[in-house]
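I opened the model to go through its helices and sheets. My notes follow.

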Amino acid sequence: MLLLLLSLFLIVGINGSVLDNRVDDLWSDECSLPPGLRKEILSYQPVVEKIIRKVVGGDFKGETWQSLGKFVDKFGPRMAGSQSLEDAIDYMVGELANAGLHAYTEEANVTNWKRGYESATMLSPRKADLPILGLGSSVGTMRGGIMGEVVAVESFDELDALPDEAVKGKIVVYAPPWVSYGNTVQYRSHGATRAAKKGASAALVRSVTPFSLSTLHTGYQDYEDGVRKIPVASVTVEDAMRLLRMYRRNETIRIHLEMNDVDKGVAKSRNTIGELQGRKENSSVVVVSGHLDSWDVGVGAMDDGGGAFIAWHAVKFLKALGLQPRRTIRAILWTGEEQGYWGARSYQANHSQTEKDEFNFFIESDIGTFTPTGMDFSGTKEAECIFREILQLLAPLNATQFASPVDGGPDISVWTDRGFPGASLLNKNEKYFWFHHSNADTMLVEDPDALDKCTAIFAAMSYVIADLSIEIPKNIKF
């Protein structure tokens, strides 16, 4: 059906005029869309500008920030498996309903890891407290803790070069340089397992951040099946580098570590959903989303309160403006993202029989809601050409930058990795990892004007995609 519609655009255009474009020229490397389709997309410029005016400088100015502030002040951190998260979900169902949206939840399984008492003390060559923050899914120590000498390394290669006897029974401290989040996070994710394979009793990992004021950053870590689980926690950048310097001076470092963290298995949670029904009966769906859960430090204003709130406010404002697109727009506030996309995976499983026809496009923000610059995208070349043309409508916000593939959409990767088209927000997030997964993730990170612009982008892009006369092409892999 999609190819038939595109062929019709080639032949007659949206106004019935004959077009000279040949089918094999439709999707060239230069993205030369058929004039009829380009004209249709351009026709949305007035409504996009109206959305921007209302959100950025009109009736809705500042509302996203005010609403987010009220939310995080009320519920604070919202860890998967916590009552705080479930109370926040109940609250959001009410907020979505009050906005005139079809509001409901769908059940999802999540992890139920609980942080307990955590303490580390350097005993020699001098006594000093070492602030720590356990990494998600970490096991605890025995009652009373453990004591061990330190082996400090900058890399896995450096660790692997040591004989097992030099590591056995010791506490491995990782002090890698910051290269990028994608590069440095491997020590948080796999440091415990790699140390355990060498016989270590525990691991401490430099907080994954490019900047520190003695700030601790947590995050999820994965144990490898079949490998002994050892306790693992983050330390500050300052302490990690100090321990590395001391170790390289051949000083004997001994640490007492105690952690009472525990994994309580699986808990029940819910994805929170608010829909703006489309004009077309049984239409496909455009998803706009962010995750509602957070870590148990900070209040999750940035990760991912901002993303969740620009998503649902985008749909709320479209409803308030009386804009009903051809297809349904569904705001989804995911649960359990921080421990591995549990909410998204549950949602996909629940919709696996209908997803091919049910979903048209996915949008997410989970890498900051700072001043927006554009959007990144994953999908077919045909879909990219259409998306890039729609993106030009954001010129009034100076937010037409394009990148590929999607980088800030972890939940929607459950679909985009299999060929569904999707996009996430590009923004000036150079300081995002300063605050990420730490007590510094508060409302002070969020700027009202930036949130307005991000909300306007989500509202405009979701509306145009949902209202186009054609579906966005997809190439689904099952």
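Which residue just after H9 takes a positive phi? I looked it up: Asn250 does, at about 65°.

**Ground rules.** This is a predicted model, so I kept to its limits: local features need pLDDT of at least 70, side-chain atom pairs count only at pLDDT 80 or more, and totals for chains, interfaces and linings use all residues. Residues are numbered from 1 along each chain as its sequence is written, and side-chain values use heavy atoms, with hydrogens and water left out. My element names are DSSP runs numbered from the N terminus: helices (H or I) of at least four residues, strands (E) of at least two.

**Helix H9.** I checked the span of H9 (residues 237-248). Its 12 residues reach 17 Å from first C-alpha to last, close to the 16 Å expected at 1.5 Å a residue. The expected span is 1.5 Å times one less than the number of residues. Next I listed its buried residues: Val237, Asp239, Ala240, Arg242, Leu243, Leu244 and Met246. Buried means under 20% relative accessible area, exposed over 50%, partly exposed in between, with a 1.4 Å probe on protein chains only. I recalled that an α-helix has 3.6 residues a turn, so residues three or four places apart point the same way.

**The sheet around E6.** I traced an open sheet of eight strands, in the order E3-E2-E9-E5-E6-E7-E8-E4, with mixed pairing. Strands E3 (128-129) and E4 (132-134) are the edges, each pairing on one side only. H9 packs on this sheet, touching E2, E5, E6, E7, E8 and E9, and its direction makes about 80° with that of E5. Contact means heavy atoms within 4.5 Å. Axes are lines fitted to C-alpha atoms, for helices over the stretch in contact, and angles run from 0 to 180 degrees between N-to-C directions.

I then followed E6 (171-174). Four bridges join E6 to E5 in parallel, and Ala152 has Val173 as its bridge partner. E6 and E7 are also parallel, over four bridges. There Ile171 stands opposite Ala202, and Val172 opposite Ala203. Pairing requires at least two DSSP bridges between two strands. Ile171 and Val173 point one way from E6, Val172 and Tyr174 the other, and all are buried.

E11 (residues 285-291) and E12 (residues 328-334) run parallel, joined by seven bridges. Ser289 has Ile332 in E12 as its bridge partner.

**H3 against H16.** The axes of H3 (residues 45-57) and H16 (residues 448-467) come within 9 Å and cross at roughly 155°. That makes H3 roughly antiparallel to H16. Angles under 35 degrees count as roughly parallel, over 145 as roughly antiparallel, 65 to 115 as roughly perpendicular and the rest as oblique. From H3, the residues that meet H16 include Val47, Ile51 and Val55. Among their H16 counterparts I noted Ala456, Ala459 and Tyr463.

**Ser189.** Is Ser189 buried or exposed? I found Ser189 buried, with a relative accessible area of 14%. Ser189 lies in H8 (residues 181-197). Not counting residues up to four places away in sequence, Ser189 touches Tyr220, Gln221 and Asp222.
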